[in-house]
Amino acid sequence: MTNPVIWLGLSILLLAIGLAALVCVSLPALIGLARAARSAEKLFDTLDRELPRTLEAMRNTGADLSGLADDMTDSVHSARNIAKQVDHSLHDVRQQAHQAKRTTRSVAVGFRAAWRVLTKSTKSRPRRRSPVKPPATKPSPAPPPTPQGTP
C-alpha cells in the first residue's frame, strides 16, 4: 500500500463521498431558503401595494388630528375669554348690587327720618300757646343749726 495512485484514488473517492453528503444535507436547507425567499418576495409585493395607501391614510389622519388640535386650542382660548368675561360681569354685578343696597338703605333712612319729622311735628304742635315756665329751682339747704350754748 505504498502506491501513491491508490492513495490518490482513495482520497478522491472520500472527497466525492463527502461532497455528496454535504449536498444531501444542505439540499433541505436550500429548499427551505428558497421557500423563505418566495415568501419574502410575496410579502414585499403586498407591502409595495398596501403600504403607500396605508402611509397616505396615516398622513391624512395626522393632518386631521393637527386640524382638530388647532380647533381645540381655539376653543380653549375662546372658553378662557368667555370665562374672563363672565368673571368681569359678575364683578360688575356685585358692585352694582352693593351700590343698589347702599342706595336702598339711604332711601329707607331718608323715608324714616321724614316720617319721624312729619309725625313728630303733628303730635307736638300745640293748639294753644302755653306760657313758658321758668325752670324750677331747688331750695337752698338750710344753714346748719348753731350749738346751744353759744350766743
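Is Glu-50 buried, partly exposed or exposed? In this predicted model, Glu-50 is partly exposed, with a relative accessible area of 38%.

The overall architecture is considered next. The protein chain holds one helix and zero strands. Helix α1 covers residues 4–123. Of the 151 residues in the protein chain, buried residues make up 0%. The chain exposes about 14700 Å². Carbon and sulfur atoms supply 66% of that area.

Charged pairs were then examined. A search of the whole structure finds two salt bridges. One joins Glu-50 to Arg-53. The closest N and O atoms of this pair are 2.7 Å apart. Such a distance counts as a salt bridge because the cut-off is 4 Å. Both residues belong to helix α1. Arg-53 and Glu-50 are three residues apart, so about one helical turn separates them. Arg-53 is exposed, with a relative accessible area of 53%, whereas Glu-50 is partly exposed at 38%.

The other salt bridge links Glu-56 with Arg-59. Here the closest N and O atoms lie 3.0 Å apart. This pair also sits in helix α1. Its spacing is three residues, about one turn of the helix. Glu-56 is partly exposed, with a relative accessible area of 39%. Arg-59 is exposed, with a value of 52%. In general, side chains of opposite charge can pair when their charged atoms come close.

A nonpolar patch of about 580 Å² is made by Leu-43, Phe-44, Leu-47, Leu-51, Leu-55 and Met-58. One of these residues, Leu-51, is placed in helix α1. Leu-51 is partly exposed, with a relative accessible area of 41%.

Notes. Residues are numbered from 1 along each chain as its sequence is written. This is a predicted model: local features need pLDDT of at least 70, side-chain atom pairs count only at pLDDT 80 or more; totals for chains, interfaces and linings use all residues. Side-chain values use heavy atoms; hydrogens and water are left out. A salt bridge is a side-chain nitrogen of Lys or Arg within 4 Å of a carboxyl oxygen of Asp or Glu. Helices (H or I, at least four residues) and strands (E, at least two) are DSSP runs, numbered from the N terminus. Buried means under 20% relative accessible area, exposed over 50%, partly exposed in between (1.4 Å probe, protein chains only). Patches are made of residues with over 30% relative accessible area and no salt bridge: like charges are joined within 9 Å, nonpolar side chains (Val, Leu, Ile, Met, Phe, Trp, Tyr) within 5 Å. Accessible areas come from the Shrake-Rupley method with a 1.4 Å probe; for residues, only the protein chains shown count as cover.
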